[in-house]
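Thank you all for coming; I would like to take a few minutes to walk you through one model, with the structure on the screen while I talk.

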Amino acid sequence: NGPAQALFADSIPKGSRSYWYSLLMFAYTIPSVAGPGIAIALFEVYGDDWTFEQMKPVFLAGLILEIPPGLLIFGLRDDLALPESEEDDNPNGDGEACEA
């Protein structure tokens, strides 16, 4: 979501965002591939006729896989955010919008 992305960007020291955003995209891509693969394996093992007892491992796997990202969110640091004066893209520094 937007606020989490902003906090992520602000938590990265200036000059190293491309490295960390590459890792972020890698972290988005791996589950996008692994998720369907795990689903195929579970359908192969359990078939297409599910009971609540058979669905328990699926839900537990999903919960367990949410723990690492949940813990990593505690590493975001808002104190690395640029001060407002450095965030301003206005070269005039007068607070007015630049004309194109």
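Let me begin with a term: helices here are DSSP runs of H or I with at least four residues, strands are runs of E with at least two, and both are numbered from the N terminus. What you see is a predicted model, in which local features need pLDDT of at least 70, side-chain atom pairs count only at pLDDT 80 or more, and totals for chains, interfaces and linings use all residues. Residues are numbered from 1 along each chain as its sequence is written, and side-chain values use heavy atoms, with hydrogens and water left out.

With that in place, helix H2 has 30 residues and spans 43 Å from its first C-alpha to its last, close to the 44 Å expected at 1.5 Å a residue, where the expected span is 1.5 Å times one less than the number of residues. After H2 comes glycine 47, which has a positive phi near 75°. The protein as a whole has four helices and zero strands, so that, in the order of the sequence, the pattern reads α-α-α-α.

Turning to burial, a residue is buried under 20% relative accessible area, exposed over 50% and partly exposed in between, with a 1.4 Å probe and protein chains only. Of the 100 residues in the protein, 8% count as buried. The accessible surface, from the Shrake-Rupley method with a 1.4 Å probe and, for residues, only the protein chains shown as cover, comes to about 8300 Å², and 65% of that belongs to carbon and sulfur atoms.

How many aromatic pairs does the structure hold? There are two aromatic pairs, where rings of Phe, Tyr and Trp (its six-membered ring) pair if their centres lie within 6.5 Å, and planes under 30 degrees apart count as stacked, over 60 as edge-to-face and the rest as tilted. Phenylalanine 8 is buried at 17% relative accessible area, whereas tyrosine 21 is partly exposed at 26%. Tyrosine 19 and tryptophan 20 also make an edge-to-face pair, because their ring centres are 5.1 Å apart and their planes stand at 85°; tryptophan 20 is partly exposed, at 38%.

Next, the charged side chains. The structure holds one salt bridge, meaning a side-chain nitrogen of Lys or Arg within 4 Å of a carboxyl oxygen of Asp or Glu. Glutamate 53 forms it with lysine 56, and the closest N and O atoms are 3.4 Å apart. Both residues lie in helix H3 (residues 52–72), three residues apart, about one turn of the helix. Glutamate 53 is exposed, with a relative accessible area of 56%, while lysine 56 is partly exposed at 43%.

Finally, to return to H3, leucine 71 is placed in that helix and counts as exposed at 57% relative accessibility.
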